[in-house]
Amino acid sequence: MPRRLRDREESLNDSTARLPDAAVSVEAFSILVERHTSPLWTFLRQLTRSPELARDLVQDTFYDAWRAATRGMRPFTTTSAADEQERWLYHVAYCRAVSARRRQRLIRWDSLDANTLLESDRLSAFPGFEDAIVESEAMHTALERLSTEDVACLLLMVVHGFTAAEAAAILGASVPAVAKRLSRAKHRLLAVYLAEETHSPEGISR
Amino acid sequence: MSSNSVTPTQPRRDCALVQELLPLQSHNLLEPLAAERLRAHVALCTRCQAELAAFAQLDAVLRRSMLNTPSMPDLVEEIMDSIQDPVPAIRTTSPVRPHERAHPAGVRRVANILGAVAAVLLVALVALALFTGHDQSPPASRRIGLPNPTATIVYSSSQFYTGGAVGQLIVSTAPTSEKDPREVFAHHVTINMCSNPPVGPVAVTWVATSPAFGVALIEANCGQGTHQVALFALSATVNGVACHTWQAVADLIARPPAGTQTTEPPSSQPGGIPLWLPILPRQGYISQSMVGGPSVIDWLYADQTYDTGRFVGQAYEPQSATPLTVMGYAAWISMEGGYTTITVPLPNNQTFFFSGTAGSGSIRQLAEATLTHIDELLPIGTTAAPGYSC
């Protein structure tokens, strides 16, 4: 089950996902941070293609959220739903990623340290799953050949479980436009991914 | 997932009719009629059955590849540190905690801000010293306002904050009873465009102004070949609600140096030049944009600038403007600060403009092309960017 659907069910009985009104507590905000940091980083890492930049953007996104919360602004009030807060975070993160990508056209860098950390994390998390690692690498490589908007659309709807209406709100597009983009993105991804598999020295055969 | 998942059978003629529908089947995005058409086709077509299965496998691989990420307690800690107490997080002279050493960029962000704060104070002092004794009534549209600023926008050459989707938001104390954004800017806003004092004057060119909105391009020579350009907007309303004070939002970026060979962004991507817009060349530029309520976008080259926008409200017409008709609309053309600007009042109390460092003929051609596709390039939003409110 996509994680977001699971979260949505959990949130039904999870009043701590909501922040108090004007006097928002650090504790309540920290719950929001803990819940969304890793998924947001995953989302931003693929959009920016830089683990380190993704960390910065996650931090910036939560900084914006904190500023909004301290001003008592929606969706960080007692009447705001956890879904609303999540959409807000992803929208700001997406806009930041687009802005960062724009700048990356002139300045590009790669963090070897961060990549090394990521690989070791994955290996320790999934010992023995060599196929899964190859599969994952092929997928990451395939995603890098898609546009930022296509990747965002795929991640939001396939990975994070947002509905088309929610993805449209996050991406600032209409629902029909999101549906069309999703269709095209999946066709492109399938073609690129299959090509990656074909060229992979190990190949994948399951 | 195997590369042999899709059975290589000959595509049927009607496969093309359901190609767009296949990837959407698992997302419940199909209208009932389309879903039925797809179901009926797939039931009889082995090729599309295989492709449908391939898309399902693709979804599964994508989820597996993305969702199995480690928890990030160090990043959570960094975020909470910066929120609760930004000072310890930037204590760069004290021993650095292991996670800060491993990921210095997050710390660098806050440090840059404080550096920029210090820089703006320095620049303000230098600028005050420079301007004191000079002409005390500079044109508001050409010089940064300095006396008693009540809103300060702080930038450094390497870092800037955003209050939402783009740029930096400043909730100023300038009352909206003042109706000219140029005056508001001159008397209530200070911008530090560079980490160090800029070389020469900072150029401010207002490309559109109205009693409730204004947009300017601000450019500073920061030395060492770096020219910082801020796309700056002031608004008296947010989400259609009148504010008591003017709101400012800005995006700062370095103009690409001469000889830059950036890859042309696809026309469908933000900042990409649409295929129908006859701007040449299509390489060596970088763009800025604002979204949400008004739409503004610019394209910066080493030696050229183009910008266009649409906002709600009626623009001020400069005294030096010359009337003309653009695609049947009564418009005007004006020239200031090396920019040629065509402004077109539209129905529904909206204003469109196109401005650039080109001749009147080129700007007119660009304005007409943009007007034809105005909803595509310059949508008028009903909500502002997150965090953008009175």
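What distance should the 13 residues of helix α9 (residues 360-372) of chain B span at 1.5 Å a residue, and how far apart are its end C-alpha atoms? The expected span of a helix is 1.5 Å times one less than its number of residues, which for α9(B) gives 18 Å, and the end C-alpha atoms are 18 Å apart, in agreement.

The model is predicted: local features need pLDDT of at least 70, side-chain atom pairs count only at pLDDT 80 or more, and totals for chains, interfaces and linings use all residues. Residues are numbered from 1 along each chain as its sequence is written, chains are lettered from A and ligands numbered from 1 in the order in which they are written, and side-chain values use heavy atoms, with hydrogens and water left out.

Chain B contains ten helices and 14 strands, taken as DSSP runs numbered from the N terminus (helices H or I, at least four residues; strands E, at least two). Of its 390 residues, 52% are buried (under 20% relative accessible area, with exposed over 50% and partly exposed in between; 1.4 Å probe, protein chains only).

Seven strands of chain B form an open sheet in the order β8-β9-β10-β14-β13-β12-β11, with antiparallel pairing; two strands pair if DSSP finds at least two bridges between them. At the edges are β8 (286-290) and β11 of chain B, each of which pairs on one side only. From one strand to the next the twist averages 15 degrees. Six bridges link β9 (residues 295-300) of chain B to β10(B), and W299(B) is opposite Y306(B) in β10(B).

In β13(B), seven of the eight residues are buried. Five bridges connect this strand with β12(B), and I333(B) stands opposite I342(B) in β13(B). The β12(B)-β13(B) hairpin has two residues between its strands, and G337(B) adopts a positive phi near 60 degrees. On pairing with β14(B), β13(B) contributes to seven antiparallel bridges, and L346(B) has Q350(B) as its bridge partner in β14(B). Three residues separate these two strands in their hairpin, where N348(B) in the turn has a positive phi of about 65 degrees.

Helix α9(B) lies across β10, β11, β12, β13 and β14 of chain B, at about 140 degrees to β14(B); axes are lines fitted to C-alpha atoms, for helices over the stretch in contact, and angles run from 0 to 180 degrees between N-to-C directions. Its buried residues are I363(B), L366(B), A367(B), A369(B), T370(B) and L371(B).

Conventions:
Contact = heavy atoms within 4.5 Å.
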